[in-house]
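Here is a short briefing on one protein model.

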Amino acid sequence: MLKFQNVEKRFSGAASAALDAVSFDVEKGRICGLLGHNGAGKSTALGIILGMVHPDEGEALIEGVSVQRDREKALPRVGAIFEAPAFYDYLSGWHNLKTLAAYSGGVSDKLIEETVEWVGLGTRIRDRVSTYSHGMRQRLALAQSLLPRPDLLVLDEPTDGLDPEGIVEFREQLLELRDRLGLTVLLSSHLLSEVEQLCDEVVILRGGKKIYEGSVDGFDQDFALFRIASENEAETIELINRLGGRVEGSRYAFPKTVDDSELLASLIQEGAKVSRFSREVTSLEEFYLRAGDSKLNGKGAVK
């Protein structure tokens, strides 16, 4: 669905490139999270995908059509929330949607009504936007991005300003829409816990470079982590070292090929009085915070 191919962008006067030979793919029907610190290149990447920023090298392709070479053909089936949504405050939410949709050919009132109900603005859509809270403006922006029904949805901090209940509703609604319509989604967010629950995969940028692309729950690391406690801790730590393990924070790391049951059996057989034993999965937050470490860069996690 979306291919971001060897894109480079350097802004005039900048000390380093905003994007440095960045490539990634998002397959149809997948939800991909674009992560990175402020200045990592996320907004530049989204701007290039939407044809608002011109790259120095490379291109973005949507269903095989280059945004840079044929923007009018590439973008009609793309919806987006990019940067701060702008509306006519003196108009109602309904008239904003009618007016903005008219720029791309217009849509039926029935489709607007369905979309408004879906984003949870049904009771306030006839009110002036000047009376909307920040969270309501985000809901209106989401409604706008879904008119007409896109194949690709590009979202820049879509839950910004939503309360916890609104964030949960947004996640459930987006997953439902993906499953019902086969929608493909690329979203940028700072809420790592939400990305972990919502996305199928992530792309992590740091300093304009891609340092990770892959599954949100299958980070490629060369060790397995275990939480182990025992009644004879000193002896158990010695056994762990003999069995090829090492201390990793408050846990113990072993080669990722280790068999859990065989490891536990070996510890007990050698005299460890084990009271707790569990393999732990690396969270997205933990992986993201570790991702800038030079030990990760250039390894198998990076595509």
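Of the protein's 303 residues, 48% are buried, meaning under 20% relative accessible area with a 1.4 Å probe and protein chains only as cover. This is a predicted model: local features need pLDDT of at least 70, side-chain atom pairs count only at pLDDT 80 or more, and totals for chains, interfaces and linings use all residues. Residues are numbered from 1 along each chain as its sequence is written, and side-chain values use heavy atoms, with hydrogens and water left out.

**Whole protein**
- The protein contains 10 helices and 14 strands; these are DSSP runs, with helices (H or I) of at least four residues and strands (E) of at least two, numbered from the N terminus.
- The C-alpha trace spans about 75 × 45 × 35 Å along its principal axes.
- Taking contacts (heavy atoms within 4.5 Å) between residues at least 6 apart in sequence, 67% join residues at least 24 apart.

**Strand β11 and its partners**
- Two strands pair if DSSP finds at least two bridges between them.
- β11 runs antiparallel to strand β13 (residues 251-255), with 4 bridges joining them.
- Phe 223 lies opposite Pro 255 in β13.
- β11 also pairs with strand β14 (residues 274-280) in the antiparallel sense, over 6 bridges.
- Arg 227 has Ser 278 in β14 as its bridge partner.
- In a regular strand, side chains alternate between the two faces of the sheet.

How values were computed. Buried < 20%, exposed > 50% of the residue type's maximum accessible area, 1.4 Å probe, protein only.
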